Every structure is written in structure tokens, then in C-alpha cells.
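The sequence and the structure come before the discussion.

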Amino acid sequence: YYTNWAWWALTGYFICAVIITRRYQKNGASDPLTCFEKFTVVFFPIAWSLALTVCILYWALIFDEDELVFPYFVLMIFVHALNIALITADLFMNRIRFQWIQAPIMSVIGIVYLTVNFGCSNGNEGNVYGDTLVFYPIENVTGDSFGVAGQGLALTQISFFVGFFLIWARDKCAKAAKE
């Protein structure tokens, strides 16, 4: 599931960010950046884009009002809303920038996702949603799992550019505040 991929990306990013923050507190900033710090800088836009995509896809397409049962609904808030709130807050607190060169990475992640979750699952004769191979019930609307996954891939790319714009706006406001 895309949600799991986003959760692992967010968890990985926040672990890396905590480690780097602790290093800065002990030793100050390193110049030039270490490989670990470079990895974290590249990883941040990926985690943010995945989190925004999962939030939009879940609340727009998958959420069902019948799921408003107390423990389940709280879990859904944590998994599909709180994660984007936390990483967006981090977006405005850190100095990490989105780079144009990172945009193709999002495409590669989407292609790997399609390959792993759809291409490698052709041997499955069905699942809880019926006779077709689908991961979410919404995919059965069109019967085209690749089409739905392709929309998720496109939304991930759009999410990256939304993040790129937010970083630009953050930096523009910070520059204006200094003047």
C-alpha cells in the first residue's frame, strides 16, 4: 500500500533528522555536508511528497463515513493526516530545499511502486475485493488498477511541485522579513 511506503519514508526521514539534530547540538554544523546529511536532504522531499499524496488520496477517495468508529478513526487520523501536518511543520522549520534534480526520483519511486505492487502480483487470483487484483476498493470503480496507480504517481509528482512552491514561498518570506 502507498500508505505503508509513505509511513516508512516519514519514519526514516524523522529518524535521520533527529540524529542530525543531535549531532548539530553536540558538534555544530558540519561543512561540507556528510553523506548521511546529504541522504537526509534528498530523502525529505520524497517523504513530504508521499505524505501529501497519501493524505489526499485517502481522504478524497478511500475514506468511508462508516469508519468513524472510535479506535479505527483515531488510527486513520494518525496515519493519513497527522503525518502530513508534522512533516509540513518541519518543512517550515528546516532549511532543506527541494531541488529540480529530485523530481525524477519521485518518478522512479512511482515506477518501483507500480512494479512491486502490480507487476509482481499477477499470480494473485483475487483478494477481498473480488476477482480482480486491486489494493483499494476504489480501484474497482474503473477496473483499471494501473490507471488508478498512475493517478497516484501523477499526484506524487504534483505533490513534489507543491512542496517546491512552499519552499520558495518560505524562503521569499524569510528574505522579506530580513529586509
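## Cysteines

Cysteine 35 counts as exposed, because its relative accessibility is 66% and the threshold for that class is over 50%. In this predicted model, cysteine 55 is by contrast buried, since its relative accessible area of 16% falls under the 20% limit for burial.

A disulfide is a covalent bond that joins the sulfur atoms of two cysteines. When the whole structure is searched for such bonds, zero disulfides are found.

## Nonpolar core

The largest nonpolar core comprises 27 residues, and those with the most contacts inside it are Tyr13, Phe44, Trp48, Leu50, Ile84, Ile87 and Phe98. At least two residues of this core are supplied by each of the helices α1 (2–27), α2 (35–62), α3, α4 (103–117) and α5 (145–178), and the largest share, 10 residues, comes from α2.

Leaving aside residues up to four places away in sequence, phenylalanine 44 touches Tyr13, Ile87, Asp90, Leu91, Asn94, Ile96 and Phe98.

## Surface patch on the nonpolar side chains

Phe70, Val74, Phe78, Leu82 and Leu86 make a nonpolar surface patch of about 490 Å². Leucine 86, one of these residues, belongs to helix α3, which spans residues 70–93. With a relative accessible area of 47%, leucine 86 is classed as partly exposed, because that value lies between the 20% limit for buried residues and the 50% limit for exposed ones.

Key: Residues numbered from 1 in each chain as written. Predicted model: local features only at pLDDT ≥ 70, side-chain atom pairs only at ≥ 80, totals over all residues. Heavy atoms only, no water. Patch = residues over 30% accessible without salt bridge, like charges linked within 9 Å, V, L, I, M, F, W, Y side chains within 5 Å. Areas by Shrake-Rupley, 256 points an atom, 1.4 Å probe, with all protein chains shown as cover. Salt bridge = Lys/Arg side-chain N within 4 Å of Asp/Glu carboxyl O. Helix = DSSP H or I, 4+ residues; strand = E, 2+ residues; numbered from the N terminus. Buried < 20%, exposed > 50% of the residue type's maximum accessible area, 1.4 Å probe, protein only. Core = buried A, V, L, I, M, F, W, Y, C linked by side-chain atoms within 4.5 Å. Contact = heavy atoms within 4.5 Å. Disulfide = S-S within 2.5 Å.
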